[in-house]
Amino acid sequence: MRKWISQTIFQHIHREIQTINKTLDLVGSAECKIGSVSTAVLSKISATKHEHIANIALLLPYLEVSVNQEYLVNRIGELASGSCVGSFRWESGGKYKNNQWNKELPTDSQIVMHCIATYLDSHLPRNPMYPE
């Protein structure tokens, strides 16, 4: 299960973040990279530059687990490294700006569960009996 989560979810998200950030550099929005701006700013970029960065709208739901985008993107990268989410800590997370994890940041469990739920929401058909 850990291998599947790593390879199917975290490594994919991490690659997409890197690709989108490179594209943002190319289209003149280097100051608006994922991890340095809020999801609201990224939504506006998605609306205005969608022809250049089509995948950004698909990535945004994964980033909604925390307002601290810098920590979240860094932690997703750490969880994506290796093949089995080896740096996972269920009750805490990773270091942030050379400081230990604190309760203002999401735990790895929160990040993992949010990403799994988002992945399933995006890949499973909606139930017509329960429209949103």
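Helices α1 and α4 are oblique to each other, because their axes cross at roughly 135°. Angles under 35 degrees count as roughly parallel, over 145 as roughly antiparallel, 65 to 115 as roughly perpendicular and the rest as oblique. The model is predicted, so local features need pLDDT of at least 70 and side-chain atom pairs pLDDT 80 or more, while totals for chains, interfaces and linings use all residues. Residues are numbered from 1 along each chain as its sequence is written, and side-chain values use heavy atoms, with hydrogens and water left out.

Helix α1 spans residues 2-26, and α4 spans 69-80. Helices (H or I, at least four residues) and strands (E, at least two) are DSSP runs, numbered from the N terminus. The axes of α1 and α4 come within 9 Å. These axes are lines fitted to C-alpha atoms, for helices over the stretch in contact, with angles from 0 to 180 degrees between N-to-C directions. The crossing of α1 past α4 is left-handed, meaning that the near helix is turned anticlockwise from the far one by less than a right angle; clockwise would be right-handed. From α1, the contact (heavy atoms within 4.5 Å) draws on Ser6, Phe10, Gln11, Ile13, His14 and Ile17. From α4, Val73, Ile76, Gly77, Leu79 and Ala80 take part. Seven of the residues in the contact of α1 with α4 are nonpolar, four are polar and none is charged. Here Ala, Val, Leu, Ile, Met, Phe, Trp, Tyr, Cys and Pro are nonpolar, Asp, Glu, Lys and Arg charged, and the others, Gly among them, polar.

On the α1 side, Trp4, Ile5, Thr8, Ile9, Phe10 and Ile13 form the contact. On the α5 side, the residues are Ile111, Val112, Cys115, Ile116 and Tyr119. Ten residues of the contact of α1 with α5 are nonpolar, one is polar and none is charged. Phe10 and Ile13 are named in the contact with α4 and again in the contact with α5.

Trp4 belongs to α1. This tryptophan is partly exposed, at 37% relative accessibility. Buried means under 20% relative accessible area, exposed over 50%, partly exposed in between (1.4 Å probe, protein chains only). Neighbours within four places in sequence aside, Trp4 is in contact with Ile9 and Tyr119. Tyr130 lies 126 residues from Trp4 in sequence and 29 Å from it in space, C-alpha to C-alpha.

Two residues of α4 show how the helix is placed. Val73, in α4, is buried, with a relative accessible area of 15%. Val73 contacts Ile17, Ile34, Gly35 and Leu63, leaving aside neighbours within four places in sequence. Its C-alpha atom is 8.0 Å from that of Leu63, ten residues apart along the chain. Glu78 also lies in α4. Glu78 is partly exposed, with a relative accessible area of 27%. Not counting residues up to four places away in sequence, Glu78 touches Ser87 and Gly94. The C-alpha atoms of Glu78 and Gly94, 16 residues apart along the chain, are separated by 8.3 Å.

Asn68 sits in the loop between α3 (56-59) and α4. Its side chain makes a polar contact with the side chain of Tyr96, at 3.4 Å. A polar contact is a pair of N or O atoms within 3.5 Å; within protein, one must be able to donate a hydrogen and the other to accept it, and residues adjacent in sequence count only if both atoms are side-chain atoms. With neighbours within four places in sequence set aside, Asn68 is in contact with Tyr96 and Leu105.

Lys97 is not a glycine, yet has a positive phi of about 55°. Asn98 likewise has a positive phi, near 65°, in a residue other than glycine. Lys97 counts as exposed, at 55% relative accessibility. Asn98 is exposed too, with a relative accessible area of 76%. Thr107, by contrast, is buried, with a relative accessible area of 13%. Leaving aside neighbours within four places in sequence, Thr107 is in contact with Trp90, Glu91, Ser92 and Trp101.
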